[in-house]
Amino acid sequence: MASFGDPGATVPVALRHERFVLRPIRTDDAADDFAALMETRELLRRWEQSEWPADDFTVEANREDLAGLQQRHDEHRAYTFTVRDPGDTVCLGCVYLFPTTASFLARSTVAPVGGEAWNDVDAVAYFWVRLSQLEAGLDRALLGALRAWLRDDWGFERVVFVTNEQFEQQVRLLAHTDLAVRFELREPGKAGTYLAFG
């Protein structure tokens with residue numbers, strides 16, 4: 001099983017699907033990632049429960065953010081994958097994988113819904129899809145592919161997919177699968193409850 005925190009661990013480097021490819025995000029993705037972020041910013045603000053990305057966000061500021069994500073990925077502390085078109089020319093979204101011990105999660109209040117234990121979760125997954133791809137159902141295709149990939153290639157048996165209750169479109173997507181809410185998370189300083197489906 002892939003793991004967090006072990007620099008020597010082997011982790012999958014890509015997911016290929018007929019509609020997209022996932023690969024680790026890099027700083028040189030900054031401009032392309034920025035275009036996808038800004039197109040989707042209204043939804044991302046609901047997802048993040050913040051003003052990010054702000055209207056005056058810049059490519060250079062995004063490059064700095066991506067440098068941190070790339071370093072975190074390289075150090076196996078958390079993993080960030082850019083979702084690309086099959087030809088790897090356009091950013092279609094992003095996927096983030098965290099351990100339950102990630103600092104922002106450790107600061108959160110986690111309430112189980114049912115009998116499962118937060119510490120038994122192998123990975124906490126977040127994802128978003130570019131606004132222009134939602135109508136075509138790319139988020140549904142990505143979720144299905146992610147579930148199989150995390151199980152089969154990563155060896156994760158217990159993954160939860162997290163979204164904010166105010167990001168209604170993604171809540172509906174997750175609720176219309178065989179997944180169910182397993183935990184409710186409250187992040188300090190953020191409105192709304194985050195729902196962890198597993």
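**Entry 1: the cavity**

I started inside, and found that β6 (123-129) gives the largest share of the lining of the largest cavity, three residues. Before going on, I noted that this is a predicted model, where local features need pLDDT of at least 70, side-chain atom pairs count only at pLDDT 80 or more, and totals for chains, interfaces and linings use all residues. Residues are numbered from 1 along each chain as its sequence is written, and side-chain values use heavy atoms, leaving out hydrogens and water.

I also wrote down my terms. Helices (H or I, at least four residues) and strands (E, at least two) are DSSP runs, numbered from the N terminus. On a 1 Å grid over the protein atoms alone, a cavity is a set of points where a 1.4 Å probe fits but cannot get out, while a pocket is an open set with protein on both sides within 12 Å along at least five of seven lines; lining residues have an atom within 4 Å of a point. Grid points are joined across faces, edges and corners, and a volume is the space filled by probe spheres set on the points.

How many cavities of 30 Å³ or more are there? I counted one, and the largest cavity holds about 30 Å³ of space. Its lining includes Phe 127, Trp 128 and Val 129, along with Gln 169 and Gln 170. Besides β6, α7 (168-175) supplies at least two of the lining residues.

**Entry 2: the pocket**

Next I turned to the largest pocket, with a volume of about 560 Å³. Which residues lie nearest its centre? I found Glu 48, Leu 69, Arg 72, Tyr 96 and Phe 98, out of 23 lining residues. I sorted the lining into 14 nonpolar, two polar and seven charged residues (Ala, Val, Leu, Ile, Met, Phe, Trp, Tyr, Cys and Pro count as nonpolar, Asp, Glu, Lys and Arg as charged, and the others, Gly among them, as polar). The largest share, five residues, comes from α3.

**Entry 3: helix α3**

I followed α3 along its 16 residues: it reaches 22 Å from first C-alpha to last, close to the 22 Å expected at 1.5 Å a residue (the expected span is 1.5 Å times one less than the number of residues). In α3, Asn 62, Leu 66, Leu 69, Arg 72 and His 73 are buried (buried means under 20% relative accessible area, exposed over 50%, partly exposed in between, with a 1.4 Å probe and protein chains only). They sit on the same side of α3, because they cover an arc of only 115 degrees around the axis (taken from the directions from the helix axis to the C-beta atoms). On the other side of α3, I found Glu 64 and Asp 74 exposed. After α3 comes His 76, with a positive phi near 65 degrees.

**Entry 4: Tyr 96**

Last, I went back to Tyr 96, which is in strand β4. Is Tyr 96 buried or exposed? It is buried, with a relative accessible area of 10%. Leaving aside neighbours within four places in sequence, Tyr 96 is in contact (heavy atoms within 4.5 Å) with residues including Leu 69, Arg 72 and Trp 128.
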